[in-house]
Amino acid sequence: MFGIKEKINDDSLYMLNDMVENQVKNAKKELAELSPDNDERREFLTTQIKNYEIELERFKASIERQLKEKFQFSIEELYAMYGQYENKYISIEFHKFSESALKFGRNIAGVITYRKKEREELEKALSEEPVPRTNGMVKIDCNKNEKLSDQQKVELAENGFQSGDIYEVLASNMPLVKSYNQAGKKEIPNTMEIKFDPTSMDINKSYLYLFSQRINNGGKLIAEEWAKFCGIGLNFEPSSADSELLKSVAFDDKGNLKPLVRFYELEAKFYSKNISKEELDEFNTFLKKRRTFRTEQIKKEIKRSTNKTLDKFKDEYPTIYGEIQKSIIQFDTEILYYHDTVIPIYWNYESYLHIYLRHCDELEIEGHFENKTKFQYTQKDIRRILKIAIENLKDKINEKLKEGKEFRIWGDRSIYFNGNHYSLHILKDGRVAAFHPMENPAA
């Protein structure tokens, strides 16, 4: 421009162009407001506008010609420099006359995202010699960018933009962390461990408070939680049995207290240490029935996974068997997510067995599923990973549940988190049916 030979990788490439555009804008405004008898100024402005517009057109043509001959950023380079690292937040400036700049503005910021197949192909490309340079589509999560419309954010996340449209990329100088294909155990990023002593806490009052708060805030309880809420309520206030709420929820059509409500009432009495001998015997009967039912669920899952009987499994895997026995007592059906969903998302004992027996490395077993993909986290962290996956997918889950359909995500559309792609299956009643990583960790 004005005798300067511009190159597409020049620093401040568009600064002079922007200044001249602004000059033309101001000159046109002045010309429109100019007095009719000021011929000298009119001639000057008309000539200036014409000359500037010729320079602007020549500059634009030069940039477009250079970009057709050579682009600055390939999809392989973007992956190598930014995309392969976890949550690498970058700022992108597009070339001024590119399609991407016209659609999204000249500047966007976010985290580049990949589907499973795309990541695998890029990993392979980086191992080739020479590394290919492809002007391809790049998807990016720009949810934190307030300047973009919701429609633009969806477009960028689902379809993306052409890598060759990029003029410049800026990124923070933070430590680079790559978790994809990382072998061994992992920790959930940004985890803060808070030590908490629950010995002085009244667990019954805590449950009652949490359930009450959720109900008051318009949240929903699943059947198991309603039973627990009513059971604990009866422990504290037996007279509450006459309330309209408990009559409609805790009792059957014949006016009998539902067995599950009675179980939680007795459990609350047990924790409160105000349970009589007769009630303790009744509570133990409930526990025996639950143990029998859950043991049958264990037998079913072990047979599906190993073709072994429970006794044989006990002999061959005593440590794992001990963990499973503890879960019979300790596991409670639980809501994993209920904010902004049409129905609560939860898991029960069947969900737990299916996920942990097949895919928990600490409970690795032989048989049909010995080669199933394993979580790279400890048992206590798998639940957190599941909750993170549900929260990240809540909008898509909601779409299916509103239609009365199951939600499934797997294969190339699986969710990515901290180096792993995950498959998730949620039934139309909100129960998690399956959850597991899509790839085994690198050796």
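I started with Arg58 and found it partly exposed, with a relative accessible area of 37%. This is a predicted model, which I kept in mind throughout. Arg58 forms a salt bridge with Glu6, and I read 3.3 Å between the closest N and O atoms. The two come from distant parts of the chain, 52 residues apart: Glu6 sits in the segment before H1 and Arg58 in helix H2. Glu6 counts as buried, at 11% relative accessibility.

Next I looked up Arg133 and Glu77, a salt bridge whose closest N and O atoms are 2.7 Å apart. Arg133 lies in the loop between helix H5 and strand S3 and Glu77 in helix H3, so this pair ties together parts 56 residues apart in sequence. Both partners are partly exposed, Arg133 at 37% and Glu77 at 25%.

Then I turned to Glu350 and Arg431, whose side chains meet in a salt bridge at 3.8 Å, N to O. I placed Glu350 in helix H14 and Arg431 in the loop between strands S10 and S11, 81 residues apart in sequence. Glu350 is partly exposed at 37%, while Arg431 is buried at 11%.

My tally of salt bridges came to 25. I also noted a network of them linking Asp18, Glu21, Glu93, Lys96 and Arg106.

On to the sheet: I traced five strands in an open, antiparallel arrangement, ordered S4-S3-S2-S1-S5. S4 and S5 are the edge strands, each pairing on one side only. I followed S1 against S5 over five bridges, and found Phe94 opposite Ile166 in S5.

Last, I marked a negative surface patch of Asp37, Asp39, Glu40 and Glu43. Asp37 lies in the loop between H1 and H2 and is exposed, at 65%.

How values were computed
Residues are numbered from 1 along each chain as its sequence is written. This is a predicted model: local features need pLDDT of at least 70, side-chain atom pairs count only at pLDDT 80 or more; totals for chains, interfaces and linings use all residues. Side-chain values use heavy atoms; hydrogens and water are left out. Patches are made of residues with over 30% relative accessible area and no salt bridge: like charges are joined within 9 Å, nonpolar side chains (Val, Leu, Ile, Met, Phe, Trp, Tyr) within 5 Å. Accessible areas come from the Shrake-Rupley method with a 1.4 Å probe; for residues, only the protein chains shown count as cover. A salt bridge is a side-chain nitrogen of Lys or Arg within 4 Å of a carboxyl oxygen of Asp or Glu. Lys and Arg count as positive and Asp and Glu as negative; His and the chain ends are not counted. The place of a charge is taken as NZ of Lys, CZ of Arg, CG of Asp or CD of Glu. Helices (H or I, at least four residues) and strands (E, at least two) are DSSP runs, numbered from the N terminus. Buried means under 20% relative accessible area, exposed over 50%, partly exposed in between (1.4 Å probe, protein chains only). Two strands pair if DSSP finds at least two bridges between them.
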